[in-house]
Amino acid sequence: MTTNRARDRAEIDLVVAGAGIVGMATALWAAKRGQRVLLCDPAPPGAGASYGNACTLATYGCLPVNSPDILASIPRLLASPESPLSVNYLHALTHPRWLLSFLANCRPARVEAIAATLAAILSHADAGLNPLIEEAGAEDLVVANDALYVWTTRAGFAAAADGNALRHRLGVPAEELGPADVAALEPDLRLPVHRALRFTGARHLRDPQELVRRMQRRFEALGGRVLRHAVTRVRPLADGVEVTTGGETLRAARVAITAGAHATGIAGSGAERLPLDVERGYHLQYPGEAHRLSRPVGWAEAGFYAVPMAQGLRLAGTVEIAGTRRPPNRRRLRYLERKGAEMFGPLKGPAEEWLGFRPSFPDALPVIGPSPRSDRILLAFGHQHLGLTLGGITGRIVADLSEGRAPNLDITGFDAARF
């Protein structure tokens, strides 16, 4: 039975379940258009993966983690303590559907198709996020100084040749650099650079969580409401959707499931049937060390970024397949610490260690669009390494769908029905 309190909230156009960058962007886009929006999340906005990421607006990031040569590389990657990849074997064995589908998507034809799909939506990323940055008065958080991706070995760069050629074919703007070029741009790097790519036009954020906070303030100023409870269940109706949150039930015209790694826990949404897993990512943060760099620098062979930000120097990345329930893997953190010392020499700290969960589908593509259960339930999660970059455009797409109109870009590649 619907409570009196729920009836007071009955005039809701859109409930947004999840207040990371995707959920907040969805809520703000919808509120900008005059919709009545309720945003639900038990955690403060931007507190999950939207807090601990590598701060990069990686519009160049069209290459999936899936790779044609990964089968040959897995034994070496898993055996070495210096590997950017870690797999908990018990978790892998108890989630065979995800693992087998991931491997199937490592075929060359699939990798090319996935990269093309990502490149197409990434070309709209700035158009989705820039209006929200302006709306939130957050221009001061954005740094436009490109990004570097460096290889320290000839073999590493040669292994990346096919991927870099694919980037080029897909129109990613990049300039190849030699060791002297990199030294001139980033003189504090101690890496023996072999080659690098400079992604021209790339940007990063000085503080991703502060962006989400400012978006929240603007959302509330536009009349949006925030409820510090999780959405636990949804039920489509003929003329709307019934949403259970915080022990009560309310009705809305539509609901958007933007809960990232936790989306599959929302009963009745259709999300619980999808093969979502997580890539566990780590970061270390070193206050007072931001001066070491002037832009994000990704170390290709080591699988992480070093990024200057408001709170210091952040080392963020690596991939661990182990689910959400296991404690932090200290070996992953020590790996980042060792590699940071190789990259810069001694660093003071770290003052912060962080583990977060990148929601990931086995084909490296998010789900964006109506649920198989009902077109009144909108799904938007699984952005893997691109949540911060694609949050704005995903929010705009979901706002379009919540108004019953088609987005101005093709989203068929993100349909939940592909699973």
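**Exercise 1.** Which residue takes a positive phi in the hairpin of β16 and β17? Then follow β17 to its neighbours.

*Solution.* This is a predicted model, where local features need pLDDT of at least 70, side-chain atom pairs count only at pLDDT 80 or more, and totals for chains, interfaces and linings use all residues. Residues are numbered from 1 along each chain as its sequence is written, and side-chain values use heavy atoms, leaving out hydrogens and water.

Step 1. The residue is G303, with a phi near 75 degrees. Four residues lie between the two strands of this hairpin. Strands (E, at least two residues) and helices (H or I, at least four) are DSSP runs, numbered from the N terminus.

Step 2. Check the pairing. Two strands pair if DSSP finds at least two bridges between them. β16 and β17 run antiparallel and are joined by three bridges. W299 has F304 of β17 as its bridge partner.

Step 3. Move to the next strand. β17 pairs with β18 over six bridges, in the antiparallel sense. A306 is bridged to L315 in β18. This hairpin has two residues between its strands.

**Exercise 2.** Are the residues of β17 buried or exposed? Sort them by the way they point.

*Solution.* Buried means under 20% relative accessible area, exposed over 50%, and partly exposed in between (1.4 Å probe, protein chains only).

Step 1. F304, A306 and P308 point one way. Y305, V307 and M309 point the other way.

Step 2. All are buried. That makes six of six residues in β17.

**Exercise 3.** Describe helix α13, from its cap to its end.

*Solution.* Step 1. Start at the N-terminal end. N329 caps α13, with a side-chain oxygen 3.0 Å from the backbone nitrogen of R331. A polar contact is a pair of N or O atoms within 3.5 Å; within protein, one must be able to donate a hydrogen and the other to accept it, and residues adjacent in sequence count only if both atoms are side-chain atoms.

Step 1. List the buried residues: R332, L333, Y335, L336, K339, G340, M343 and F344.

Step 2. Find what they pack against. Contact means heavy atoms within 4.5 Å. Partners of the buried residues include β17 (304-309), β18 (312-321) and β19 (352-360).

Step 3. Finish past the helix. Just after α13, G345 takes a positive phi of about 85 degrees.
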